[in-house]
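Colleague: Hello! Could you help me learn to read a structure, one feature at a time?

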Amino acid sequence: MPKDIVCSGIRPTGNLHLGNYCGALKNFVKMQDEYDCYFFIADYHSLTTHPTPDNLYQNARQILIQYLAAGLDPERATIYFQSDLPETIELYLFFNMNAYLGELERVTSFKDKVRQNPNNVNAGLLTYPTLMAADILIHKATKVPVGKDQEQHLEMTRTFAQRFNNMYGAEVFPLPQAFNFGTDLVKIPALNGTGKMGKSEGEASTIFLTDEPSVIRKKIMKAKSDSGPTMMNQPKPEEIENLFALMRVVSSKDTVDYFDDLYNRCQIRYGDMKKQLAEDMVVFIEPLRQRILEIGSDDLALRRIIDLGKEKARVSAAATIHEVRHVIGYRN
């Protein structure tokens, strides 16, 4: 029985962080043996909001290195640069021919971007949903890991797929479903006491996979806390619960229980807790950081991986484009 096809991408706009690793990336690693996986670096998508990047290739290369360091295997999954797949752009063109201005203008993320940056309302931003649909459907993916902010785009992908199938009277594309990680998707809080860890919360509130031990210790010690509990078994405020959430990710259960007991007895000293958290975080991150440095130092091996991903992705994409061109009426 053929495996379900999974497709997902990430923009090359910065280093991966602890939230990426403990959330989607660890699940991607698990999926490699269960599904036919396509993971791509979305270097075309990044131009919609960063049209003049300082070093697009180096940024994309760095994200690929971190994917590999996190455990993605180019032999078990297809890992490639979006820009290495011209078939995606051809399918993007075909979908644009059948996408309507009104439906694209109603996309929530598009309206948000227009409000945030009214001087950069470009056609690529408007047609982001059709490029995302092309990324997914070029491999005929049946499952797509998406966050809440991407659910509307996935629904539009299903719309474009069904519209194409109906227009040309052929069942070319599946209607992909959202991949639900369920309880396996860990949410990592930011160090500023609110929200989840991510680039939007700022570098000081985010632990990156490339952070050196001294940087990690400095960030953890500056994490937001309060003056301490005043009653036995007092509920933890958000910023303190966030510290415990981070500790549950990187520390032993005995360590978490020890500080939890101190908190419940009003004897906790947050300085001691943060020092322990910082050391445990260093132990957790340092092997990943060293692996990133190791992979990044071998240009020849990395070039082979990039070429392998390109080759594997193009086999799948070429078959889809051949079928698409045929049903539209192009006979060459």
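**Reading helices, residue by residue**

Modeller: Gladly! Keep in mind that this is a predicted model. Let's begin with Thr88, which lies in helix H3, residues 86–97.

Colleague: Is Thr88 buried or exposed, and why?

Modeller: The idea is to look at relative accessibility: under 20% counts as buried. Thr88 has 1% relative accessibility, so it counts as buried.

Colleague: Which residues does Thr88 touch, leaving aside those up to four places away in sequence?

Modeller: With those set aside, Thr88 touches Leu131, Ala134, Asp135 and Ile138.

Colleague: Now a whole helix, please. Which residues of helix H9 are buried?

Modeller: Helix H9 covers residues 213–221, and in it Ile216, Lys219 and Ile220 are buried. Look down the axis of H9: its buried residues fall within an arc of 95°, so they line one face of the helix. Part of what covers these buried residues is helix H12 (270–296).

Colleague: And how do I read a pair of helices? At what angle do H7 and H8 pack?

Modeller: For a pair, look at the angle and at how far apart the axes are. Helix H7 (residues 128–137) and helix H8 (residues 151–168) pack at about 70°, and their axes are 9 Å apart. Angles of 65 to 115 degrees count as roughly perpendicular, so H7 is roughly perpendicular to H8.

Colleague: Which residues make the contact?

Modeller: From H7, they include Tyr128, Met132 and Ile136. From H8, they include His153, Leu154 and Phe160. Sorted by class, the contact of H7 with H8 has 10 nonpolar, three polar and no charged residues.

Conventions
Residues are numbered from 1 along each chain as its sequence is written. This is a predicted model: local features need pLDDT of at least 70, side-chain atom pairs count only at pLDDT 80 or more; totals for chains, interfaces and linings use all residues. Side-chain values use heavy atoms; hydrogens and water are left out. Buried means under 20% relative accessible area, exposed over 50%, partly exposed in between (1.4 Å probe, protein chains only). Helices (H or I, at least four residues) and strands (E, at least two) are DSSP runs, numbered from the N terminus. The arc is that of the directions from the helix axis to the C-beta atoms. Contact means heavy atoms within 4.5 Å. Axes are lines fitted to C-alpha atoms, for helices over the stretch in contact, and angles run from 0 to 180 degrees between N-to-C directions. Angles under 35 degrees count as roughly parallel, over 145 as roughly antiparallel, 65 to 115 as roughly perpendicular and the rest as oblique. Ala, Val, Leu, Ile, Met, Phe, Trp, Tyr, Cys and Pro count as nonpolar, Asp, Glu, Lys and Arg as charged, and the others, Gly among them, as polar.
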